[in-house]
Amino acid sequence: MEDIINAINYWMQTLPKEYDSMAETEISNRPLPNKWSKKEILGHLCDSALNNINRFIKIQYEEQPFVIQSYNQDQWVILQNYQERPLEEIVNLFLSLNEQIINIISNIPKERLSYLCDIGNKQETLEWLVKDYLNHMEHHINNQILNKNN
């Protein structure tokens, strides 16, 4: 878990600086009408954190396998109106939520990392879910926010 915590901390330090270096047009531009802007992608990462906070806690005490409920990502982004909100608000939300994620995963007893969750078509462990949270975050950061893999 230490590597995951370090990686989340890295992004908490790095991502605000990356956004600060971008022009407002770059942050708010939607590449296509049905694609998110970089501001909305950051909002989506906040939504992911919100949903995973719930999952990381509940999987530790509810009956196993804990059934992961999906959520409509597009509706979350639309209904929270990330596109029209000040970037600073979204950055602060991202930082606060990820501080909470770090707090939660820092306090997961080692034996609970093997607790199972049902992700729809298969079962995975809590440890896998935590790693997947980071992988999902880094996918959006590297491929869409920083455009490193384009």
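Biologist: Is Gln13 buried or exposed?

Modeller: This is a predicted model, in which local features need pLDDT of at least 70, side-chain atom pairs count only at pLDDT 80 or more, and totals for chains, interfaces and linings use all residues. Residues are numbered from 1 along each chain as its sequence is written, and side-chain values use heavy atoms, with hydrogens and water left out. Buried means under 20% relative accessible area, exposed over 50%, and partly exposed in between, with a 1.4 Å probe and protein chains only. The relative accessibility of Gln13 is 52%, so Gln13 counts as exposed.

Biologist: In which helix does Gln13 lie?

Modeller: Helices are DSSP runs of H or I with at least four residues, numbered from the N terminus. The run that covers residues 2-20 contains Gln13, and this is helix H1.

Biologist: How far apart in space are Gln13 and Leu95, C-alpha to C-alpha?

Modeller: In sequence, 82 residues separate Gln13 from Leu95. In space, their C-alpha to C-alpha distance is 8.8 Å.

Biologist: Are helix H3 and helix H6 roughly parallel or roughly antiparallel to each other?

Modeller: Axes are lines fitted to C-alpha atoms over the stretch in contact, and angles run from 0 to 180 degrees between N-to-C directions. H3 (residues 38-58) and H6 (residues 126-145) pack at about 175°, with their axes 11 Å apart. Angles under 35 degrees count as roughly parallel, over 145 as roughly antiparallel, 65 to 115 as roughly perpendicular and the rest as oblique. The two helices, H3 and H6, are therefore roughly antiparallel.

Biologist: How many residues of H3 are buried?

Modeller: H3 has 21 residues. The helix is mostly covered, and the number of buried residues in H3 is 17.

Biologist: How many aromatic pairs does a search of the whole structure find?

Modeller: Rings of Phe, Tyr and Trp (its six-membered ring) pair if their centres lie within 6.5 Å; planes under 30 degrees apart count as stacked, over 60 as edge-to-face and the rest as tilted. By this rule, the number of aromatic pairs found in the whole structure is three.

Biologist: In the aromatic pair of Tyr10 and Trp11, what is the angle between the planes?

Modeller: Tyr10 is partly exposed at 43% relative accessible area, whereas Trp11 is buried at 4%. Their rings lie 4.8 Å apart, centre to centre, in an edge-to-face pair, and the angle between the planes is 75°.

Note on methods
Expected span 1.5 Å × (residues − 1).
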